[in-house]
Amino acid sequence: MNEYLNVIRNNYANFTGRARRREYWMFTLINTIIVTVLSIPVYGAAIGMAMQSDTGAAPSAGLTGTTLIFAVLMGIYALAVMVPSIAVTVRRLHDAGFSGWLYLLNFVGLSIVVLVLCVLDSKPGSNKWGPNPKGVTDGTPAPAQNW
């Protein structure tokens, strides 16, 4: 959770520097959990409306105030985390030794390439985007740290 909050609070629109795998994947995991929780009522209402339209009932009967609240919250949350999500991905690409411009591959249907590049380990030592966030400079692994 600390990694998620660190991305939101301290690196909201920070496209420079490097992000460790742990920072990227913890942000992605918690972001996915939040979106899933917010979308359950919305998708439930959509399924309910589809079932009601098959029976001849008014399809808007499944659209309740709670569903609208969750839909609005999901939209606001999606807009709020769009910039930090892109920023942490760009910094993760920097850490793996690639240009952040490779993020644009997502827009041409090559999201799997960006995903694979985000899985790669950090390049040891400094690169043009800054020092290694792990602290590894000579290629030897850093000692394990507690969560």
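## A quick tour of the helices

Start by selecting residues 67–88: the span is 100% helix and 0% strand, and its end C-alpha atoms sit 30 Å apart. Keep in mind as you click around that this is a predicted model.

Why pick that stretch? An unreviewed UniProt entry lists residues 67–88 as a "transmembrane region", along with 24–46 and 100–120. Those labels come from the record, and such annotations may be inferred rather than shown by experiment.

Next, select residues 24–46. Here, too, you get 100% helix and 0% strand, with 32 Å between the end C-alpha atoms.

Now zoom in on asparagine 31, which belongs to helix α2 (residues 21–55). Is asparagine 31 buried or exposed? Its relative accessibility is 14%, so asparagine 31 counts as buried, the cut-off being under 20%. Show side chains and look for tyrosine 77: its side chain and that of asparagine 31 make a polar contact at 2.7 Å. Setting aside neighbours within four places in sequence, asparagine 31 touches Tyr4, Tyr77 and Val81.

Which helix gives the largest share of the patch? That's helix α4 (residues 111–119), with five residues.

Finish on valine 119, which is in helix α4. With 43% relative accessibility, valine 119 counts as partly exposed, because that class runs between 20% and 50%.

Note on methods
Residues numbered from 1 in each chain as written. Predicted model: local features only at pLDDT ≥ 70, side-chain atom pairs only at ≥ 80, totals over all residues. Heavy atoms only, no water. Helix = DSSP H or I, 4+ residues; strand = E, 2+ residues; numbered from the N terminus. Buried < 20%, exposed > 50% of the residue type's maximum accessible area, 1.4 Å probe, protein only. Polar contact = N/O pair within 3.5 Å; in protein donor to acceptor, adjacent residues only side chain to side chain. Contact = heavy atoms within 4.5 Å.
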